Amino acid sequence: MPEASTAVFEKDNFNAEKYVKNLVQDCVGGPELQQTKQKIQTLSETVSSTLKKHVYENYMQFIETAKEISHLESEMYQLSHILIEQRNLLTTLRDESLLDDQKNIIEEQSLDPNVNEEQQNRKAIQLIKESLIGYKGNLDDKVFIHEGGLIELDSNDYRPICRIHLFLFNEVLVLAKVRNEKKLEFQTEYETKKIAVINIKDLDGVNKNAINVITSDGARMFQCINSAAKQEWLDKFELAIKFHQLKKPKKAQAPQPPTTLKFEAPQKSTDSELLTLSPTASEMGRVIVENLPPEWLVTAPEEIQAEIAQRHFEDCLALLQKCEEHLAQDSSFPGATEIGEKIKSLKASLASVLMHELSNSQSRSLQAALRSSRRPLKLLVEMEKSREACGILLRVCTSAIRSSQRQARRNNLAVSELFFCDVALVASEFLRAFSTKASCTSALIVWCNMELQYFASQLIKHYLTKDTQLETVAKVVEGVREPCLKLREIGLDLSYHMEGLLRSTLGQLLDEARYRLVDSIGRTEDPWQPYNLQTKTGLRTLLKEFDVLGIDFRAYVTGDTWINLTQATVSFCRHLLQTTESCAYLAKYDSLQREAEMLIRELFLSQHSNKPPNSLNADLNFVAKNKTYMAEVLLPIAMKRFERIAGKKPDLLMELHAQLRTVPPKPKPRSVYQTDVL
């Protein structure tokens with residue numbers, strides 16, 4: 001006889017039919033064949049158990065891996081931020097080295113200190129014209145103030161764009177692009193009366209020594225070689241802008257332009273010096289200062305970006321709202337449009353990060369996901385992103401609930417109670433987060449209906465299949481109904497929808513159960529004799545069992561071990577009451593009450609109409625006694641049991657009871673023996 005082992009089935013050339021033929025030929029007799037079959041069955045069960053165990057272990061490892069990936073994602077985000085800081089630092093070092101190599105045009109030439117200042121100015125302008133490629137403007141009537149090389153930065157991410165050389169005059173600012181050959185190619189020029197210069201606060205790892213020049217073409221950001229060069233440019237720009245504002249006050253004599261060409265940083269002009277130039281100089285300077293935005297607003301975009309990178313979302317949102325309020329009250333200063341656009345873009349970036357935070361919790365359990373979602377939800381609601389936030393939250397909850405349902409089915413847990421507890425938890429958290437957003441409630445209702453449909457489909461697929469026992473069906477339905485009704489405590493009633501989703505399937509199961517149960521009546525022969533329990537212990541056990549069901553057989557006990565009813569009648573009492581209990585639970589749904597009562601009615605009539613065969617010499621009075629007991633005792637007990645569980649009167653059963661009482665069975669009269677002896 002061949003041994004049944006897994007090695008045989010693992011071969012590539014294994015043929016099931018050939019294996020069975022050899023097995024039949026080698027086994028001697030049926031016992032050996034049966035023994036081999038049992039061994040194969042044992043191997044099958046062992047393999048199946050091992051496979052389930054491996055699947056479960058893989059699933060748990062997958063969950064652990066998902067958690068590790070989530071942690072790794074957070075670490076990668078931090079690492080990315082560190083790398084960005086390092087890149088900015090290296091870029092700054094490179095740019096500073098490039099700026100060190102770049103020399104000023106005027107300083108490279110030797111100006112004769114003995115020549116007067118007007119001639120030096122003309123000489124400087126001539127040198128600048130010669131160094132600029134493609135410049136066709138007029139600089140002859142301008143006064144040169146300052147020059148230097150800078151790095152132009154991208155205003156969004158502070159990435160270096162190109163090297164720029166600036167020439168500042170009393171009326172214009174000339175920009176030239178530095179080519180690889182260190183040649184200067186004219187780019188553009190701006191009138192100093194139409195520009196504003198803003199000092200940008202230094203942020204570690206983001207930008208250093210940068211200034212923002214607000215022009216008619218928009219804001220342009222430049223980086224200086226060091227803080228001293230930055231301060232010098234700020235002073236020179238302030239001098240040029242103030243000087244231009246004081247040029248022609250009404251009809252008064254115009255102030256003389258500066259004629260000095262000293263290239264070291266001049267002393268900062270004071271109000272007293274400006275008063276010597278014009279009686280309105282102090283007032284005009286004060287108007288210019290008042291027209292500039294506050295420094296905190298200028299540096300706000302950089303601070304907001306830093307707060308987002310450090311995940312200080314509350315502080316970031318507070319600063320964004322402060323900026324929006326200030327811009328709503330005053331947007332007349334130069335560059336207000338550019339700052340507003342940047343604030344708007346940063347607000348969108350913050351919303352995107354918060355939504356990513358919200359959706360990133362979907363690999364966790366439902367409770368953990370809801371806890372981690374409170375912070376981004378609160379901020380998104382404040383940012384008027386309620387619709388998007390509630391959609392993401394509900395998708396996360398869907399993933400968590402369905403994952404927990406799959407795990408509960410594998411572990412044979414109460415899936416219905418778990419599902420409705422999860423729905424209640426989601427609804428409570430949702431209503432708390434969006435209590436001020438009534439428009440989001442509709443999204444919760446739609447989500448509940450969708451999840452209920454999916455849950456009902458899984459319930460039907462795994463627990464309410466064809467040929468499921470009626471008792472099991474009743475337990476499943478009752479397990480759904482009770483937790484579903486508890487949702488009313490939070491104002492969520494899904495009972496009617498749940499009944500509608502299960503109505504068709506439960507109706508089919510009731511029909512199948514009715515055909516199956518009615519068909520089983522009369523399959524076993526009934527001797528139509530009193531039921532003998534054989535022992536007193538057996539009798540006492542049976543009486544206690546039926547006491548629990550609400551039936552007392554003590555009035556029908558005769559002798560030591562007899563019950564004056566047939567064994568079929570006693571067994572049917574147990575069967576009918578158990579079926580009635582199951583049907584009563586299903587009849588709590590109004591749409592199933594009639595079908596449930598029809599099942600009990602047909603089952604009762606099938607047993608009640610059962611008669612002894614003509615070949616059996618049965619006592620007709622005893623037969624009538626069994627039928628009377630069923631109609632007068634058993635049926636009323638079943639009706640009361642139905643009404644107590646379902647909470648409704650069984651109308652069909654009441655009609656049946658009334659019909660049976662009006663037409664009592666008539667036993668065949670017994671013949672009386674007569675004699676003529678007396």
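Colleague: Which residues does Ala-309 touch, not counting residues up to four places away in sequence?
Modeller: This is a predicted model, in which local features need pLDDT of at least 70 and side-chain atom pairs count only at pLDDT 80 or more, while totals for chains, interfaces and linings use all residues. Residues are numbered from 1 along each chain as its sequence is written, and side-chain values use heavy atoms, with hydrogens and water left out. Ala-309 is placed in helix α9 (residues 295–309); helices (H or I, at least four residues) and strands (E, at least two) are DSSP runs, numbered from the N terminus. With contact taken as heavy atoms within 4.5 Å, Ala-309 touches Tyr-77 and His-81.

Colleague: How many Å separate Ala-309 and Leu-350, C-alpha to C-alpha?
Modeller: In sequence, Ala-309 and Leu-350 are 41 residues apart. In space, their C-alpha to C-alpha separation is 10.0 Å.

Colleague: What percentage of the residues in the protein chain is buried?
Modeller: The chain has 22 helices and 11 strands. A residue is buried under 20% relative accessible area, exposed over 50% and partly exposed in between (1.4 Å probe, protein chains only). Of the 678 residues in the protein chain, the buried share is 41%.

Colleague: Which residues does Phe-434 touch, not counting residues up to four places away in sequence?
Modeller: Phe-434 is one of the residues that touch the most other members of the largest core. Beyond its sequence neighbours, Phe-434 touches Leu-377, Val-381, Ser-386, Ala-389, Cys-390, Leu-393 and Cys-440.

Colleague: How are helix α11 and helix α13 oriented to each other?
Modeller: Two packed helices are described by the angle between their axes and the distance between the axes. Axes are lines fitted to C-alpha atoms, for helices over the stretch in contact, and angles run from 0 to 180 degrees between N-to-C directions. The axes of α11 (residues 336–359) and α13 (residues 386–410) come within 9 Å and cross at roughly 20 degrees. Angles under 35 degrees count as roughly parallel, over 145 as roughly antiparallel, 65 to 115 as roughly perpendicular and the rest as oblique, and therefore α11 and α13 are roughly parallel.

Colleague: Which handedness does the crossing of α16 and α19 have?
Modeller: The axes of α16 and α19 (residues 567–586) come within 9 Å and cross at roughly 35 degrees. Residues in contact include Val-473, Ala-474 and Val-477 in α16, and Thr-579 and Tyr-585 in α19. A crossing is left-handed if the near helix is turned anticlockwise from the far one by less than a right angle, and right-handed if clockwise. The crossing of α16 and α19 is left-handed.

Colleague: Is Glu-478 buried or exposed?
Modeller: Glu-478 is found in helix α16 and, leaving aside neighbours within four places in sequence, is in contact with Pro-483, Tyr-585 and Lys-588. At 11% relative accessibility, Glu-478 counts as buried.

Colleague: Which residue lies 120 residues along the chain from Ile-214, with the C-alpha atoms separated by 6.5 Å?
Modeller: Ile-214 is placed in strand β7 (residues 210–215) and is buried, with a relative accessible area of 5%. Among the residues that Ile-214 touches are Lys-194, Ala-219 and Gly-335. The residue at that C-alpha separation is Pro-334.

Colleague: What is the relative accessible area of Gln-534?
Modeller: Gln-534 lies in the loop between β9 (530–532) and α18 (536–549), and its phi is near 75 degrees, a positive value in a residue other than glycine. Gln-534 is exposed, with a relative accessible area of 60%.

How values were computed: A nonpolar core is a set of buried Ala, Val, Leu, Ile, Met, Phe, Trp, Tyr and Cys residues joined through side-chain atoms within 4.5 Å.
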